Amino acid sequence: MASRGLITMLVRKISNNKIAVVLGCLTGTLLWMLTSGMVNSSLSMTASASAAVNRDGSLIGKQLFRRGYQSVLAQGCIKNVLIFGDVKDMEEWPELQAITKIRQREVGGAWNGQIECPAYDCNISLTVGANVSLTDRMDAVVLGMLPKVFKTHLRELVQVEPPTGQTWVYFSTETPFRVTVWSKSLALRQLKYHKMMTYRRDSDVYLPFGYYREHQPNVNRRVPKSHNHAQGKDGLIVWIGSNCFEVTWPRIPFIARLRELLPLKTYGKCGELSCYPQRSERCNIAMRRFKFYLALANSECRDYITEKFWANSLGYNIVPVVYGAPREDFEKVAPPDSFIHVSDFPSLESLAEYLIFLDQDDKLYNSYFEWRKRGVIGHSFPITPTTMCEILPHLYNGTEQEVKRIGDSQWYNGCRKPVQSVNGFVVERQYALYDAWRPWKLLDSR
């Protein structure tokens, strides 16, 4: 009660603009609390008392509360979030291994862990499980992060109505075609959600695989020395592929025809060579031997610019030859003049001729690395536990949320062709369609 009386006195003094007196009182109060055993009782001070000071407009008081009781504020704000999916799937999914490390306890096929989000003055109590009953008492439910669970639970999920006060977030770093193949059902279109968290730039929470940032002007920094990026590269072009069938365009025959024109080395399940473990230093050294990397996405979808571009190409100091998203989408996020787009060439032969020409001209080849003098790239994939913090500003805040359906979303409808099948694109069919296929351009829907 004594501490509340002191706070009331402070509020009155702030309203009278007696700043000097306020500072003195604040200092004295804090010293008195520290020396009189009041710390514990002060840390349990009600939020209403804190709000009273803040409402009165005391910036000083607000800063002191945030600095002195930041951990208390974080503990006081905890949002319960469920990632709907199978625990075993998360353990087997390499891109999600960082999230599994926060696991603290496991009960009945689900596990729980804590995520600190100091930037939002809030923490997340995260649960991972595939039981619909787990959605009860959750502030948010994240669907799609573990999409293979849809094969067994999608029909049940589409029947559930999100309760008032709970936010459903649809998360995906995959294309709608591939998620549909895993679901084995077109019912994905009927799944409900409030907020979208995907690789698309128009998502509520934008989740890029990487990013480019230009250096700040007038900031002292070390200017990169002139370097011949062709030096030490005795391989021309390389491709790594592990997904041979879950694609929306004839990628396998594209690779096969290009190999007839160039000394193309292929790694992974779809290739002839292997390098394990992936992303190991041994594999890094092997990839850096090449001048060009085929960064070919599995689907022709807007904004789908994956780690094949950011990590496997630019990260290895290789010039990427890209396809999947249209050129215009690459230009909006990629370092300037850093890539070669398949759609720029009238034929595969002309693409091959250009790569051979660059191989023989170091000056022109090095022009694809000029961006390194003006900026840097960063990686945001695989995701980390703190990635989940980004949903906090989008959770229910008392305002009615619009319930949407996946089938009406830009993510679902943002590819060259609509999703029409739950089957993969087998190699035989890829070859049958290859001759009629042309690289995707935004003004050309063929």
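Visitor: Within what distance do the axes of helix α9 (residues 150–157) and α10 come, and at what angle do they cross?
Guide: The two axes come within 8 Å and cross at roughly 95 degrees. An axis here is a line fitted to C-alpha atoms, for helices over the stretch in contact, with angles running from 0 to 180 degrees between N-to-C directions. Helices (H or I, at least four residues) and strands (E, at least two) are DSSP runs, numbered from the N terminus. You are looking at a predicted model, where local features need pLDDT of at least 70 and side-chain atom pairs count only at pLDDT 80 or more, while totals for chains, interfaces and linings use all residues. Residues are numbered from 1 along each chain as its sequence is written, and side-chain values use heavy atoms, leaving out hydrogens and water.

Visitor: Why are α9 and α10 called roughly perpendicular?
Guide: Angles under 35 degrees count as roughly parallel, over 145 as roughly antiparallel, 65 to 115 as roughly perpendicular and the rest as oblique. With a crossing of roughly 95 degrees, α9 and α10 are therefore roughly perpendicular to each other.

Visitor: Which residues make that contact?
Guide: Phe-150, Lys-151 and Leu-154 of α9 meet Val-179, Trp-182 and Ser-183 of α10, where contact means heavy atoms within 4.5 Å. By class, there are 4 nonpolar, 1 polar and 1 charged residues; Ala, Val, Leu, Ile, Met, Phe, Trp, Tyr, Cys and Pro count as nonpolar, Asp, Glu, Lys and Arg as charged, and the others, Gly among them, as polar.

Visitor: What makes α11 and α18 roughly perpendicular?
Guide: The axes of α11 (residues 251–259) and α18 (residues 427–434) cross at roughly 65 degrees and come within 7 Å. These helices are therefore roughly perpendicular as well. On the α11 side you find Arg-251, Ile-252, Pro-253, Phe-254, Ala-256 and Arg-257, and on the α18 side Val-427, Gln-430, Tyr-431 and Tyr-434. They divide into 7 nonpolar, 1 polar and 2 charged.

Visitor: How do you know that Cys-117 and Cys-389 form a disulfide?
Guide: Their sulfur atoms are 2.0 Å apart, and a pair of cysteine sulfur atoms within 2.5 Å counts as a disulfide. The torsion about the S-S bond is about -75 degrees, so this disulfide is left-handed. Cys-117 sits in strand β3 (residues 110–117) and Cys-389 in the loop between β16 (375–379) and β17 (404–405), so the pair ties together parts that are 272 residues apart in sequence. Searching the whole structure gives 5 disulfides.

Visitor: What makes the backbone stand out at Pro-382, Asn-317 and Asp-337?
Guide: Most residues other than glycine have a negative phi, and most peptide bonds are trans. Phe-381 and Pro-382 are joined by a cis peptide bond, with omega about 5 degrees, and Pro-382 lies in the loop between β16 and β17. Asn-317, in the loop between α13 and β14 (319–323), has a positive phi near 65 degrees. Asp-337 also has a positive phi, about 55 degrees, and is found in the loop between α14 (327–333) and β15 (340–341).

Visitor: How many cavities of 30 Å³ or more are there?
Guide: There are 2. On a 1 Å grid over the protein atoms alone, a cavity is a set of points where a 1.4 Å probe fits but cannot get out, whereas a pocket is an open set with protein on both sides within 12 Å along at least five of seven lines; lining residues have an atom within 4 Å of a point. Points are joined across faces, edges and corners, and a volume is the space filled by probe spheres set on them. The largest cavity has about 70 Å³, and its lining has 7 nonpolar, 1 polar and 3 charged residues, including Tyr-199 and Trp-310.

Visitor: Which residues lie nearest the centre of the second largest pocket?
Guide: They are Thr-248, Trp-249, Lys-417, Phe-425 and Arg-429, out of 25 lining residues. This pocket holds about 600 Å³ of space, and α10 (176–183) and α18 each supply at least two residues of the lining.
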